[in-house]
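Reader: I'd like to go through this one with you. Can we take the interfaces in turn?
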Number of protein chains: 2
Amino acid sequence: MSYADLSSAECSTLLDEQKRAYAAWKAKDLSLNMARGKPSSAQLDLSAPMLNVLNAASDLQAADGTDCRNYGVGVGIREARELMATMLDDEADRVIVGGESSLNLMYDAIARNWAFGTQGCTPWGKLDTVKWICPVPGYDRHFSITELFGIEMINVALNEDGPDMDAVEQLAADESVKGIWCVPTYSNPSGCTYSDEVVERLANMKAADDFRIFWDNAYCVHHLSSDPAEQEHVADIARACAAAGNPNRAYKFASTSKITFPGAGIAAMASSEANIAEITKLMNVQIIGHDKLNQLRHVRFLHDAEGIAEHMAKHAALLRPKFDLVEETLSRELEGTGCTWTHPRGGYFVTFTGPQGTAKRIVELAREAGVTLTGAGAPFPYHKDPNDAVIRIAPSLPPVEELAQALEVFCCCTKIAVLEKLV
Amino acid sequence: MSYADLSSAECSTLLDEQKRAYAAWKAKDLSLNMARGKPSSAQLDLSAPMLNVLNAASDLQAADGTDCRNYGVGVGIREARELMATMLDDEADRVIVGGESSLNLMYDAIARNWAFGTQGCTPWGKLDTVKWICPVPGYDRHFSITELFGIEMINVALNEDGPDMDAVEQLAADESVKGIWCVPTYSNPSGCTYSDEVVERLANMKAADDFRIFWDNAYCVHHLSSDPAEQEHVADIARACAAAGNPNRAYKFASTSKITFPGAGIAAMASSEANIAEITKLMNVQIIGHDKLNQLRHVRFLHDAEGIAEHMAKHAALLRPKFDLVEETLSRELEGTGCTWTHPRGGYFVTFTGPQGTAKRIVELAREAGVTLTGAGAPFPYHKDPNDAVIRIAPSLPPVEELAQALEVFCCCTKIAVLEKLV
């Protein structure tokens, strides 16, 4: 059955039915949240032992003898750089470990290029126009940064294998285009992973000398399955850029926010030797050093790539049933509505696409029934979804029972919005 | 006896004597460091129990129920704001708790005003010239920030009661002067504390609307004595600015770097309601939240102003003998040399002033004898001490026995440099 094939009367009947169901949901006075990509309490509990790793009796020296309690080591202690290098698919020498937030590292990278320029180029803040390529749907907090700096954001479609590279190549050829936001593995929110061809084309395309790929590999080890055959891995953009003769083009970012604690993790970036030298010099003016005890705590808890993988398998065990529930519920409830959604193998989100002009209505209906969704439009620059069709579903935070309810409400709201269009 | 009254022959004899002593020091192959204001290991040990405060069994919720492990609360958890408000002499509502570094908060404050302007004023980065008032001697890392942004730094003398306010008032009247660096309590490196009159004049003077006092109260609770009569407290600049009708003029900063761990403390800033609202809005784009577990750890370890004072008394007990040793050694060894030095009641430094043209020579001689001092010129913008006379002595890091040696070497080098000028 497809809703589009129903008569107006049949639609009215269905709509009345859904409105009765909706009224019943509303009467339950729910307060559920599917808005943000936050780990659940159960996931956070997985890292509780990390809080025992350092105590008053611990050796608080790094391997090279650095007293992690005291000032210094702006780029991070060696073993933390080595740990984060495994996530960043790079060498420890080209890794800087920062504070708790990779978003902050990205913001700072833009702020530095804004004030000082990079590799001898004009500071972006001195240019009349700075433009930025934004694959959509994308991460709202990325877009907020470029918006704050007054950078003109240009949408390109994010396909199943990454951004529409024909469009990207055409845009990047413009000297005033200075960057692109990328979440290359299990993208936020579509869940797609960039193909090797996309990585190659990003590395090789013509672009300004100070064009920078902001490679936010936030979900690089965040698989939903511990079976390697079910896991996706993006090709390394740094190696591709170096091979293409554009070694300084990419800044790579990762963090432990969704490995240990979002509120108290460690973040890191990697880039070419020249970029890291430039950033280190500027960062040494900004800060004496980031929290080295937290770096040490992470190293002694996670150890290495294998330790991270083992730990991530525990997250996957908690997350997978939630993603399965999304898939089951939407498949069952939204058959024939014309809605589609993604089927990610990792990350934190499912992207839902309804018929044109329904997203705001669905979010509004859900809110009124006590279910908070990410705002419609959020995955787009300036919060403008040209089709008003996309909603980011974030199933990680609520317990399964609450998620089940929230999804039922979501589906009910979706059917109402779809039917309202047809009646 | 004053060296200036000696004959040239007497000077030569003395110089030879000191050179023999110097050779003996050199033969010891020392490696001592009086360069940076780092707490000693013994001081860091005082905060070891803080590492036991949070463990796998702890309640990790803030008082308002916030799960400190998860994302959010960009301005810091309430109880951390309250704790830092006691140091910042302000209300918790006007306090933002950041990451581990107050220097980073200062850098970011300049970077924000550079890119976006403050309270509707033109972004500093769009102005042809931005100037800054730098009381000297001052903190080298402050000057590095303003230098990096290409801000023109203008020296004014730092007297015993704070900066030369006649000079400051004259400079501040210039619209292109946008700020002043202040370390108002136990200043780095002179150890002076600003008088009430200086605070009043800073608050009331004519200045640009976006002129900002960077009030780095780094040593606000860092007394060398636990006897209140021996402690210095600066008047609150925020209250003075508000009373003067310039409520947005001051940004206040403090941190626990020299209370708990320099490498893993918490930093905070306070300002007017309007400034905090502006900064919060911008900071929420930069970062989702700082390390709330470390905030919680600090609150549960230090508790409140009284807890901080008790803890600081333990630091004082370790630091006082070192400052006493500086005073004793310099008094004994440098009598008649024409050298002077400060006699701080708190903070981390003693400022030494030799005859004109001796500072670089003393630092060089000390380095060759294995004693690292802060570079001559460091306490001045552009590392240029116009008289080549000032050296920052940082006695906190070395154990007392090593400090005693380092000071003997320092005095020997000083006598050589002074006598070389006289011969």
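Reader: How much area is buried between domain 1 of chain A and domain 2 of chain A?
Author: About 2,300 Å² is buried between domain 1 of chain A and domain 2 of chain A, and carbon and sulfur atoms give 58% of that. Keep in mind that this is a predicted model.

Reader: Where do the bounds of the two domains of chain A fall in the domain assignment?
Author: Domain 1 of chain A is 3-43 + 316-422, and domain 2 of chain A is 61-303, according to the domain assignment. The contact between them takes 23 residues from domain 1 of chain A and 29 residues from domain 2 of chain A.

Reader: How far apart are the C-alpha centres of the two domains of chain A?
Author: The centres of domain 1 and domain 2 of chain A lie 31 Å apart.

Reader: How many salt bridges does the rule find across that domain interface?
Author: The rule finds 2 salt bridges across the interface of domain 1 and domain 2 of chain A. The count of residue pairs in polar contact there, both at pLDDT 80 or more, is 12.

Reader: Which elements give two or more residues to the domain 1 side?
Author: Those elements are α12 (305-333), β11 (350-353) and β13 (390-393) of chain A. α12(A) gives the most, with 4 residues. By class, the side of domain 1 of chain A that touches domain 2 of chain A has 14 nonpolar, 5 polar and 4 charged residues.

Reader: And A:R345, which side chain does it meet in a salt bridge?
Author: The partner of A:R345 is A:E232, at 4.0 Å, N to O.

Reader: Changing topic. How much do chain A and chain B bury between them?
Author: Chain A and chain B bury about 4,700 Å² between them, with 57% of it on carbon and sulfur atoms. Each chain gives 58 residues to the contact.

Reader: How many salt bridges are there between chain A and chain B?
Author: The count between chain A and chain B is 2 salt bridges. The side chains of A:D45 and B:R69 meet in a salt bridge at 2.7 Å, N to O. Chain A and chain B also have 20 residue pairs in polar contact, both at pLDDT 80 or more.

Reader: Which element gives the most to the side of chain A that touches chain B?
Author: That is α5(A), with 8 residues. The side of chain A that touches chain B divides into 28 nonpolar, 17 polar and 13 charged residues.

Reader: How many salt bridges does a search of the whole structure find?
Author: Over all chains, the search finds 41 salt bridges. One between A:D166 and A:R201 has its closest N and O atoms 2.6 Å apart. A:D166 lies in helix α7 (residues 165-172) of chain A and A:R201 in helix α8 (residues 196-204) of chain A, so this pair ties together parts that are 35 residues apart in sequence.

Reader: On to chain B. What is the strand order in the open sheet of 3 strands?
Author: The order is β10-β11-β13 in chain B, with antiparallel pairing. β10 (340-341) and β13 (390-393) of chain B stand at the edges with a single partner strand each, so one side of each is left without a neighbour in the sheet.

Reader: How many bridges pair β11 and β13 there?
Author: Strand β11 (residues 350-353) of chain B pairs with β13(B) over 4 bridges. B:T353 stands opposite B:V390 in β13(B).

How values were computed: Residues are numbered from 1 along each chain as its sequence is written. Chains are lettered from A and ligands numbered from 1 in the order in which they are written. This is a predicted model: local features need pLDDT of at least 70, side-chain atom pairs count only at pLDDT 80 or more; totals for chains, interfaces and linings use all residues. Side-chain values use heavy atoms; hydrogens and water are left out. Domain bounds come from an automatic or database domain assignment. Contact means heavy atoms within 4.5 Å. Buried area is the accessible area (1.4 Å probe) that two parts lose on being put together, summed over both. A polar contact is a pair of N or O atoms within 3.5 Å; within protein, one must be able to donate a hydrogen and the other to accept it, and residues adjacent in sequence count only if both atoms are side-chain atoms. Ala, Val, Leu, Ile, Met, Phe, Trp, Tyr, Cys and Pro count as nonpolar, Asp, Glu, Lys and Arg as charged, and the others, Gly among them, as polar. Two strands pair if DSSP finds at least two bridges between them.
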